[in-house]
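Try each task yourself before reading its solution.

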Amino acid sequence: MKVINITRFIVPFLLVTLLSTTLFLVKAQDVAEPILDVSGNAVRRGVNYYILPAGRGNGGGLQVASIRNRTNPLVVSQNADESVIGVNVQFLPVDPKENTVRLSIDMNVKFTSMVISDSSTVWRINTELIPEHYLVTIGGVEGNPGRETLGNWFNIDKYEDAYKLVYCPVVCETCRPFCGEIGILEENGKRVLFVGRDPPLKVTFHKV
């Protein structure tokens, strides 16, 4: 009677199963946590939201404004009046197949309830309006990640009991961009978003 050594069948099977499980767990860990709106729902690609400061007495929503007698580009600013909810935005993750907006993932941000005749409403970084300051303006390019669009990519991280906006794009592997949290710069009575303020502007997301 011939005896079959089942060990040589079981061991490879167990190894394959273990490897598959390990790869699945690593992939699951690599998926960043979704960003939640104030209702506890995941923020979604292409859906309109208001970005509002967390807490009371911290001003209103976001809008565009002109500074230093310049209307091109317009800066992204915060209304000082907390009763003003501002202009709604959409978040567009760098992966066009990703429909959930996640922590620390590069994305475009654009105003969607306004039209500017000579400019896009996509956010970008501008270093020319105020030298040595990284202001957030409109006029950026949607999509096309790379060196040429480095200034158009933002991300969102947790901050205390809410979130913060961050500029630190990784869409260009060979680039070394200036990184920082986005806060408020007072400029001639305007509250302008810019990179480098500590503490950052603490924000929440409200679905329209």
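A note on the ground rules. This is a predicted model, where local features need pLDDT of at least 70, side-chain atom pairs count only at pLDDT 80 or more, and totals for chains, interfaces and linings use all residues. Residues are numbered from 1 along each chain as its sequence is written, and side-chain values use heavy atoms, with hydrogens and water left out.

**Exercise 1. Get your bearings: which pattern does the protein follow along the sequence, and what is its mean pLDDT?**

Step 1. Helices (H or I, at least four residues) and strands (E, at least two) are DSSP runs, numbered from the N terminus. There are one helix and twelve strands, and the pattern reads α-β-β-β-β-β-β-β-β-β-β-β-β.

Step 2. Now confidence: pLDDT is the predictor's own score for each residue, from 0 to 100. The mean is 87, with 85% of residues at 70 or more. Keep an eye on residues 11–29, where pLDDT is below 50 and the stretch has one contact (heavy atoms within 4.5 Å) beyond near neighbours in sequence.

**Exercise 2. Which residues line the largest cavity?**

Step 1. Settle the terms. On a 1 Å grid over the protein atoms alone, a cavity is a set of points where a 1.4 Å probe fits but cannot get out; a pocket is an open set with protein on both sides within 12 Å along at least five of seven lines; lining residues have an atom within 4 Å of a point. Points are joined across faces, edges and corners, and a volume is the space filled by probe spheres set on them.

Step 2. Searching the whole structure at 30 Å³ or more turns up one cavity, and the largest cavity holds about 30 Å³.

Step 3. Its lining is Phe 91, Met 107, Val 109, Trp 123, Phe 154, Asn 155, Ile 156 and Leu 165. Strands β5 (107–111) and β8 (155–159) each give at least two of the lining residues.

Step 4. Sort by class: Ala, Val, Leu, Ile, Met, Phe, Trp, Tyr, Cys and Pro are nonpolar, Asp, Glu, Lys and Arg charged, and the others, Gly among them, polar. You get seven nonpolar, one polar and no charged.

**Exercise 3. What is the volume of the largest pocket, and which strands supply at least two residues of its lining?**

Step 1. The volume is about 190 Å³. Of 13 lining residues, Leu 52, Pro 53, Gly 55, Gly 59 and Glu 82 are the closest to the centre.

Step 2. The strands are β1 (49–53) and β12 (202–207). By class, the lining has six nonpolar, five polar and two charged residues.

**Exercise 4. Trp 123 and Phe 154: stacked or edge-to-face?**

Step 1. Rings of Phe, Tyr and Trp (its six-membered ring) pair if their centres lie within 6.5 Å; planes under 30 degrees apart are stacked, over 60 edge-to-face and the rest tilted. That rule gives seven aromatic pairs.

Step 2. The centres of Trp 123 and Phe 154 are 5.9 Å apart and the planes sit at 85°, so the pair is edge-to-face. Trp 123 is in strand β6 and Phe 154 in the loop between β7 and β8, 31 residues apart. Both are buried (under 20% relative accessible area; exposed is over 50%, partly exposed in between, with a 1.4 Å probe and protein chains only).

Step 3. Contrast Tyr 134 and Phe 178: centres 4.5 Å apart and planes at 25°, so this pair is stacked.
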